[in-house]
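The sequence and structure come before the details.

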Amino acid sequence: MGHIVFRDRLERWGRRTLAAGLATLTCLLASPAVADWVSVETPHFRVTGKTSETRLTQMALSLEHFRATLLADIRPTTHHLEPRFELILVPREADLLRLRPALDPAATGFYVPGERDHAAFVADQGPGDETRQFAFHEYAHHIMFRYMAGTYPAWLSEGFAEYYSTLRPVSGGAILGEAAPARLSSLTSEAWQDLIPMLSQANAAAHTHANYYPQAWALTHYFLSTPARQRQLSSLLRLKALGVPVEVALSRATGQSPEVFSQTLRRYVRGTMPTRQIRISRKTDIPVTRRTLGPPESALVMESWLYRLPPTQRDLKAALSAARSRLETLPPSPARDRTAAGLYLLEQKPNAALALILPLILNGEATALDHRMAADAWQAKAVQAEAVDDQGAWLHQARSLYESATRLDPLDYGALVSLSRTGTMLKRLGIKLADEQLSRDALRRAQAIAPQSPLVRTLAGPLPEYDHNLAIDGTEAETVAVKAIRPMLRLLEGDRAPEAETNASLPQTR
């Protein structure tokens, strides 16, 4: 699953041309060009980019403040241990195609909640607010995925990310809901998509209309602007989850026909769009570490993600081919071997992967990811083996390496899940384990770290919150689909943080 940010092509071209010219002039006059990739780490983020250390530090700290504000606003019922969220700022939109060859060339970024790792890739727009806004958009997807998991309409998923992406820090907190100039410009200059097809679209990434994202933002902004409209959105989500046709659900929830509601939304966009103020203290003592990546790492920043976040099947062959071509130009190094091993694993060649990874482990140069990859290779060999003895021996090898990976990185939830899964596979082979509790503990730890990971949920089952009954207004019988949107309904119908305030144009929100 991926989430993609698009902008109007013509307007983007004009602004980017001007911005690029100014940025180039500024660099020539003020500082030398940055040739190396730099990585900046804070408690919850690792931001990597081919730009100045100062800019990356500012981005990482902005994300820390954004995270704290967003969580204060949505008030999740549970908090989990979190591995660092990875944000990679690539120099150009075209660089995104190295991971997603079939990506729309107009895309400026994407977020992928992988089975083992979560990351966002954003094309660096240079100094200014754009890059930060795109990064906020992608991380808002992550927050929704992690803390508000459910089956939400595509437009709401994108609208939620757009709404929070314009967050602006102010003294004592932040302002939410400010109008996005690019979105307003598109809504006032381009034709609107028909409302019902837009509300019915299941996949935002497959949209073909230029105003899909602007309209998703406008819809979400409208529904979040007052308590009454929040209740309308709650009703719309409930009815849609119960299988009511979207045009009927919209009419029942808002009291307006789709045609009238569309005009209401247009008037809302043309008016003074209200904002909210969130009061929250900003931390000033956030620890930051920085390092410049060496040449092999810098050369493989994108390719190093291919195994961790594999492209879709349609993109895989092209991505592997491009990565192979790039590897052939580089001298041998641990980074090169690690990336090559990942490509072999994607090609179902575990022996070739082990030949590259095991020397790193034996030499003491291996990372937690290396141990996990070697374990994946042994497990793949076990699956391919015909003899039970070979299966058992290779699964024991895999289990040992998954355990060492979790010792090196206690937040590697992928290794924890795989540790549990190999224990289950050994039991199915009739092999008794002296430390059977290890498998159960590993799965519980993985669920605490990444409760929404597809890999975790496949083995651990549904989240506890999905087991609760949900009261339904009216006479409709509850369905599993309604339970799946429970976190969003709780946000809309529950109490907001008491420090949330509104501007003069908006009644007090909850």
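The sections below cover cavities, aromatic pairs and salt bridges in turn. The model is predicted.

**Cavities**

Rolling a probe the size of a water molecule over the atoms shows where empty space is left. In this model, a search of the whole structure gives two cavities of 30 Å³ or more. The volume of the largest cavity is about 50 Å³. Its lining consists of Ser62, His65, Phe66, Thr69, Phe136, Leu167, Pro169, Gly173, Ala174, Ile280 and Arg282. By residue class, six of the lining residues of the largest cavity are nonpolar, four are polar and one is charged. Helix 2 (53-74) and strand 8 (173-176) each contribute at least two residues to this lining, and helix 2 gives the most, with four residues.

**Aromatic pairs**

The whole structure contains 18 aromatic pairs. One of them joins phenylalanine 45 and phenylalanine 85 in an edge-to-face arrangement, with 6.2 Å from centre to centre and 75 degrees between the planes. This pair links distant parts of the chain, since phenylalanine 45 is in strand 3 (residues 45-49) and phenylalanine 85 in strand 4 (residues 85-90), 40 residues apart. Phenylalanine 45 and phenylalanine 85 are both buried.

Tryptophan 155 and phenylalanine 223 form a tilted pair, because their ring centres are 6.3 Å apart and their planes lie at 40 degrees, and only angles under 30 degrees count as stacked and over 60 as edge-to-face. Here too the pair links distant parts of the chain: tryptophan 155 belongs to helix 4 (residues 154-165) and phenylalanine 223 to helix 7 (residues 212-224), 68 residues apart. Both tryptophan 155 and phenylalanine 223 are buried.

Ring pairs also connect Phe45, Phe66, Phe85, Tyr111, Phe136, Tyr139 and Phe145 into a cluster. Among the members of this cluster, Phe66 and Phe136 also line the largest cavity.

Two arginines lie over aromatic rings. The charged end of arginine 308 is placed over the ring of tryptophan 305, 3.8 Å from its centre. Arginine 324 lies over the face of tyrosine 344, at 4.6 Å from the ring centre.

**Salt bridges**

The structure holds 26 salt bridges. Three of these are listed here.

| Residue | Partner | N to O distance |
|---|---|---|
| arginine 146 | glutamate 82 | 4.0 Å |
| glutamate 297 | arginine 291 | 3.0 Å |
| arginine 399 | aspartate 435 | 3.1 Å |

The salt bridge between arginine 146 and glutamate 82 ties together parts that are 64 residues apart in sequence, because arginine 146 lies in helix 3 (residues 129-147) and glutamate 82 in the loop between helix 2 and strand 4. Arginine 146 is buried at 4% relative accessibility, and glutamate 82 is buried with a relative accessible area of 11%.

In the bridge between glutamate 297 and arginine 291, glutamate 297 is partly exposed at 33% relative accessibility, and arginine 291 is partly exposed at 43%.

Arginine 399 and aspartate 435 form a salt bridge that links distant parts of the chain: arginine 399 is in helix 16 (residues 388-408), and aspartate 435 is in the loop between helix 17 (413-428) and helix 18 (436-449), 36 residues apart. Arginine 399 counts as buried at 6% relative accessibility, whereas aspartate 435 is partly exposed, with a relative accessible area of 32%.

Salt bridges with shared partners join Glu41, Arg46, Arg84, Glu86, Asp117, Arg308, Arg372 and Asp412 into one network.

Key. Residues are numbered from 1 along each chain as its sequence is written. This is a predicted model: local features need pLDDT of at least 70, side-chain atom pairs count only at pLDDT 80 or more; totals for chains, interfaces and linings use all residues. Side-chain values use heavy atoms; hydrogens and water are left out. On a 1 Å grid over the protein atoms alone, a cavity is a set of points where a 1.4 Å probe fits but cannot get out, and a pocket is an open set with protein on both sides within 12 Å along at least five of seven lines; lining residues have an atom within 4 Å of a point. Grid points are joined across faces, edges and corners, and a volume is the space filled by probe spheres set on the points. Ala, Val, Leu, Ile, Met, Phe, Trp, Tyr, Cys and Pro count as nonpolar, Asp, Glu, Lys and Arg as charged, and the others, Gly among them, as polar. Rings of Phe, Tyr and Trp (its six-membered ring) pair if their centres lie within 6.5 Å; planes under 30 degrees apart count as stacked, over 60 as edge-to-face and the rest as tilted. Buried means under 20% relative accessible area, exposed over 50%, partly exposed in between (1.4 Å probe, protein chains only). A charge sits over a ring if NZ of Lys or CZ of Arg is within 6 Å of the ring centre and within 35 degrees of the ring normal. A salt bridge is a side-chain nitrogen of Lys or Arg within 4 Å of a carboxyl oxygen of Asp or Glu.
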